[in-house]
Structures are given as C-alpha cells and as structure tokens.
Amino acid sequence: FYVHQIPALRDNYIYLIQDFHSKVVCVVDPTLANLVQETCQKLNLKPTHILNTHHHWDHTDGNLELVELYQCEVVGNQADAARIRGISQPIQANRSFTLGELNIKTMDVPGHTLGHIAFIIDDALFCGDTLFGGGCGRLFEGSHAQMWQSLQTLAALNDESQIYCAHEYTLSNLSFAQSVDGKNEILQQRIKDDKQTRLENKPTIPSQLGLEKATNPFLRPLNADFIAYYNQQHQQKFNAFQTFQAIRLQKDNS
C-alpha cells in the first residue's frame, strides 16, 4: 500500500491509504471533502472507506460529503458512534479487521478524547491526536493516567513504526521539548533537521517511533535516566507517570 499525504487547513493532515492489490482506498480523518476529491481526481482513485480516529470536527467534517460523492463506508470506534458523522461500520478497539489486502489493527488510545483510537497497518501508525511529532494531544476528555497508558501502548510498537499523526505541530513541540530536555543531543539534531525540512516546505510527518522515544518529552519518561535528570532539575522524586503528568501540565501552561 501507499500513503498519500494531504495538507489541510493551517496544520492538519489527511491521509489516503491506497491498497495496490485491491480497489480499497481509505481516507483517514477527512477534514475537508474537497481536498480529498481533488487529490482523488489527480490520482484516479475512488475512496471506499473513511477511517476516523476520533469525533472532533477537524477529523470528521468531510465525512458526509465524501459518503455522498463516493458511497464510501465510515469506520470508527463503536464507543464514539453517536458522535462520528455518518458512521456505518462501528468497530471495537483492540481488534483487527481486513479491507482488501489491508490488515488493520485498532488500538484503544483514550486521553485526547475518551473514544480515541489509532489504526496500524504493518509499520504505519495513524494515531490522530494522541501522539504528535515531538508532542502529544491535549486532554479534552480523558485523564493524565489514560493518556500515559495510551502513550505506553504506542511506544511498545516497533521502533521503525512510521507515525502518521494528524497535525504539523513538530517545530513548536520541539521548542517546548528543548525547555524540558535541554541536554539531549539527539533532540538538538532533530530540531536542526526538522527546521531545514520545514524551510524546504516539506512535512516533518511521518516521523519514526524510535526518534519520538528519544526526543519527545511525553515519551521521555519511559527512560529512567531522563526521570533522574528531570527530578534533579525540579528537586522532585517523581515516577514515570508523575513525570509525564508534570510535563503535560507544564506544556498546558506554556
């Protein structure tokens, strides 16, 4: 399969997943139907399914128009069915299903919203607003404990996993990361690399999970040395979860 990336609004990304072995084309979190339609016309594709990670408007606003245009199915979390526009295939989290030759696993990742799920196909992770390049989603509905559990779930995937998140927030997130993890040399190099990428008007997404674990301040509490460093800086005795919680609150107030 191939993933086509469509920038939308100021910083959203919509993804088209094209299965080369069938006519299946999945649209992940269609912000705007017209952008999907334009891209599909250029590529001579017809969407067959919409995959929604969560119910927020900037992930679902294109659903109904695309259903009308293409008669595609809308796949989303059964627990969120009342809030996802046009849902026709409610699914359960932590289950696998097949579309064409695509084997898709859903992952339960609440925190940003209570019904948030992620989709993983091979090493491609479509995680909506749970994990970002250098960051994680704000807690609109879930708790810190839920988000920390969700991030640990994602961090357990293969380090080569490609992170297809829904927003281009990377440089802003890395600026904050530097204030938390200033001695991290891998982070310093990532900031240089990603600044150059944006100067060339290219996306910093997808990123790689291994790089996120080494530089993302919300995954760094998985590392005992980082926890010790953070505790020393702040004169605390936090465990991993408390470190994550403190950093999330710090980001909310920054």
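User: What counts as a salt bridge?

Analyst: A salt bridge is a side-chain nitrogen of Lys or Arg within 4 Å of a carboxyl oxygen of Asp or Glu. D252 and R138 form one, with their closest N and O atoms 3.2 Å apart. The pair links distant parts of the chain, 114 residues apart. D252 is in helix α9, and R138 is in the loop between β12 (135–136) and α4 (144–155). Helices (H or I, at least four residues) and strands (E, at least two) are DSSP runs, numbered from the N terminus. The whole structure holds 12 salt bridges.

User: What kind of model is this, and how are residues numbered?

Analyst: The model is predicted: local features need pLDDT of at least 70, side-chain atom pairs count only at pLDDT 80 or more, and totals for chains, interfaces and linings use all residues. Residues are numbered from 1 along each chain as its sequence is written, and side-chain values use heavy atoms, with hydrogens and water left out.

User: How do I read a sheet?

Analyst: Strands of a sheet pair through backbone hydrogen bonds, either parallel or antiparallel. Two strands count as paired if DSSP finds at least two bridges between them. Here an open sheet of 6 strands runs in the order β1-β2-β3-β4-β5-β6, with mixed pairing. β1 (2–8) and β6 (89–91) stand at the edges with a single partner strand each, so one side of each has no neighbour in the sheet.

User: In which sense do β1 and β2 pair?

Analyst: β1 and β2 (residues 12–18) are antiparallel, over 7 bridges. P7 stands opposite Y13 in β2.

User: How do I look for empty space?

Analyst: Rolling a probe the size of a water molecule over the atoms shows where empty space is left. On a 1 Å grid over the protein atoms alone, a cavity is a set of points where a 1.4 Å probe fits but cannot get out. A pocket is an open set with protein on both sides within 12 Å along at least five of seven lines; lining residues have an atom within 4 Å of a point. Volume is the space filled by probe spheres set on the points, which are joined across faces, edges and corners. The largest pocket has a volume of about 310 Å³. Of its 17 lining residues, H112, F132, R138, F140 and Y169 are closest to the centre. α2 (57–60), α5 (170–180) and α9 (240–252) each give two or more residues to this lining.

User: What lines the largest cavity?

Analyst: Its lining includes Y13, Y15, F126 and Y164. The volume of the largest cavity is about 40 Å³.
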